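Subject: Structure handover, aromatic contacts

Hello,

Here is the structure I promised to pass on. Please have it open while you read the notes below.

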Amino acid sequence: VQLQAYGGGLVQAGGSLRLACTSSGRIFSSAVMAWFRQAPGKEREFVALTRWSRASTLYADSAKGRFTISRDTAENTVYLQMDNLKPEDTAVYYCARGIQWSQHTSDYFSWGQGTQVTVSS
(Lines give C-alpha, C1' and ligand atoms only; values in the text may rest on other atoms or scores of the structure.)
Protein backbone atom coordinates (compact mmCIF):
# COMPACT_ATOMS: atom_id res chain seq x y z
CA VAL A 1 0.00 0.00 0.00
CA GLN A 2 1.44 3.33 -1.04
CA LEU A 3 0.44 6.78 0.05
CA GLN A 4 0.54 9.79 -2.23
CA ALA A 5 0.22 13.29 -0.86
CA TYR A 6 -0.65 16.28 -2.98
CA GLY A 7 -2.23 19.71 -2.82
CA GLY A 8 0.68 21.80 -1.58
CA GLY A 9 1.66 25.09 -3.08
CA LEU A 10 2.51 28.73 -2.51
CA VAL A 11 0.00 30.82 -0.59
CA GLN A 12 0.02 34.17 1.15
CA ALA A 13 -0.27 34.44 4.90
CA GLY A 14 -3.91 34.16 5.94
CA GLY A 15 -4.73 31.94 2.99
CA SER A 16 -5.86 28.33 2.83
CA LEU A 17 -4.76 25.07 1.29
CA ARG A 18 -6.25 21.61 1.28
CA LEU A 19 -3.87 18.69 1.26
CA ALA A 20 -4.94 15.22 0.26
CA CYS A 21 -3.36 11.83 0.77
CA THR A 22 -4.61 8.89 -1.23
CA SER A 23 -3.85 5.26 -0.53
CA SER A 24 -3.25 2.87 -3.39
CA GLY A 25 -5.00 0.16 -1.44
CA ARG A 26 -7.60 -0.34 1.19
CA ILE A 27 -7.01 1.29 4.56
CA PHE A 28 -8.12 -1.04 7.31
CA SER A 29 -10.39 0.17 10.07
CA SER A 30 -7.66 -0.23 12.69
CA ALA A 31 -5.45 2.32 10.94
CA VAL A 32 -4.49 5.73 12.22
CA MET A 33 -3.77 8.31 9.53
CA ALA A 34 -1.63 11.30 10.34
CA TRP A 35 -0.06 14.38 8.90
CA PHE A 36 3.45 15.47 9.81
CA ARG A 37 5.58 18.31 8.52
CA GLN A 38 9.24 19.08 8.25
CA ALA A 39 10.70 22.54 7.85
CA PRO A 40 14.26 23.05 6.57
CA GLY A 41 16.78 22.24 9.26
CA LYS A 42 14.15 20.96 11.65
CA GLU A 43 12.90 17.56 12.71
CA ARG A 44 9.70 16.15 11.36
CA GLU A 45 6.84 17.12 13.64
CA PHE A 46 3.31 15.95 14.23
CA VAL A 47 0.43 18.01 12.87
CA ALA A 48 -2.79 16.00 13.14
CA LEU A 49 -4.16 12.47 13.13
CA THR A 50 -7.44 10.65 12.76
CA ARG A 51 -8.58 7.14 13.36
CA TRP A 52 -9.79 5.54 10.15
CA SER A 53 -12.73 3.73 11.71
CA ARG A 54 -14.29 6.82 13.22
CA ALA A 55 -13.77 10.53 13.18
CA SER A 56 -11.61 10.79 16.29
CA THR A 57 -8.95 13.44 15.83
CA LEU A 58 -5.92 14.90 17.56
CA TYR A 59 -4.05 18.08 16.71
CA ALA A 60 -0.75 19.64 17.56
CA ASP A 61 -1.12 22.90 19.45
CA SER A 62 0.15 24.75 16.39
CA ALA A 63 -2.68 23.32 14.30
CA LYS A 64 -5.60 23.66 16.69
CA GLY A 65 -8.29 26.01 15.45
CA ARG A 66 -6.70 26.40 12.01
CA PHE A 67 -6.28 22.92 10.56
CA THR A 68 -8.88 20.20 10.12
CA ILE A 69 -8.13 16.58 9.36
CA SER A 70 -10.82 14.47 7.75
CA ARG A 71 -11.13 11.27 5.78
CA ASP A 72 -13.17 9.81 2.97
CA THR A 73 -13.28 6.09 3.54
CA ALA A 74 -14.87 5.42 0.17
CA GLU A 75 -12.01 7.16 -1.61
CA ASN A 76 -9.24 5.91 0.73
CA THR A 77 -8.21 9.52 1.17
CA VAL A 78 -7.33 11.66 4.15
CA TYR A 79 -7.40 15.43 3.97
CA LEU A 80 -5.82 18.30 5.82
CA GLN A 81 -7.66 21.58 5.46
CA MET A 82 -5.34 24.38 6.48
CA ASP A 83 -6.78 27.85 7.08
CA ASN A 84 -5.26 31.08 8.27
CA LEU A 85 -1.83 29.89 7.21
CA LYS A 86 1.25 31.52 8.66
CA PRO A 87 4.82 31.74 7.34
CA GLU A 88 5.89 29.34 10.10
CA ASP A 89 3.65 26.69 8.52
CA THR A 90 6.09 26.50 5.62
CA ALA A 91 7.30 22.90 5.39
CA VAL A 92 7.07 19.68 3.50
CA TYR A 93 3.92 17.93 4.65
CA TYR A 94 3.81 14.15 4.86
CA CYS A 95 0.95 11.79 5.38
CA ALA A 96 1.53 8.58 7.26
CA ARG A 97 -0.25 5.41 8.23
CA GLY A 98 0.08 3.52 11.47
CA ILE A 99 -2.01 1.66 14.00
CA GLN A 100 -1.17 3.50 17.21
CA TRP A 101 -2.75 6.70 18.44
CA SER A 102 0.59 8.44 18.40
CA GLN A 103 2.34 11.69 17.66
CA HIS A 104 5.69 10.00 17.13
CA THR A 105 7.10 9.39 13.67
CA SER A 106 8.53 6.04 14.77
CA ASP A 107 5.01 4.64 15.22
CA TYR A 108 4.14 5.07 11.56
CA PHE A 109 5.24 2.51 9.00
CA SER A 110 3.95 3.89 5.73
CA TRP A 111 4.70 7.38 4.44
CA GLY A 112 3.73 9.48 1.48
CA GLN A 113 6.34 11.32 -0.52
CA GLY A 114 5.55 14.76 0.89
CA THR A 115 4.11 17.91 -0.59
CA GLN A 116 5.64 21.37 -0.22
CA VAL A 117 3.66 24.12 1.45
CA THR A 118 5.13 27.61 1.29
CA VAL A 119 3.46 30.53 3.04
CA SER A 120 4.67 33.99 2.13
CA SER A 121 4.39 36.95 4.47
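What follows is a short tour of its aromatic rings and the charges over them.

This is a predicted model, in which local features need pLDDT of at least 70 and side-chain atom pairs count only at pLDDT 80 or more, while totals for chains, interfaces and linings use all residues. Residues are numbered from 1 along each chain as its sequence is written, and side-chain values use heavy atoms, with hydrogens and water left out.

I counted rings of Phe, Tyr and Trp (its six-membered ring) as a pair if their centres lie within 6.5 Å; planes under 30 degrees apart are stacked, over 60 edge-to-face and the rest tilted. That gives five aromatic pairs. One of them is Phe36 with Phe46, edge-to-face at 5.8 Å between centres and 75° between planes. Phe36 belongs to strand β4 (residues 32-38) and Phe46 to strand β5 (residues 45-51), so this pair ties together parts 10 residues apart in sequence. Strands here are DSSP runs of E, at least two residues, numbered from the N terminus. Phe36 is buried at 0% relative accessibility, and Phe46 is buried at 7% (buried is under 20% relative accessible area, exposed over 50%, partly exposed in between; 1.4 Å probe, protein chains only).

Phe36, Phe46, Tyr94, Tyr108 and Trp111 form one aromatic cluster.

Two charges also sit over rings (NZ of Lys or CZ of Arg within 6 Å of the ring centre and within 35 degrees of the ring normal): Arg18 over Tyr79, 3.8 Å from its centre, and Arg44 over Tyr94, at 3.6 Å.

Best wishes

Definitions and conventions. Helices (H or I, at least four residues) and strands (E, at least two) are DSSP runs, numbered from the N terminus.
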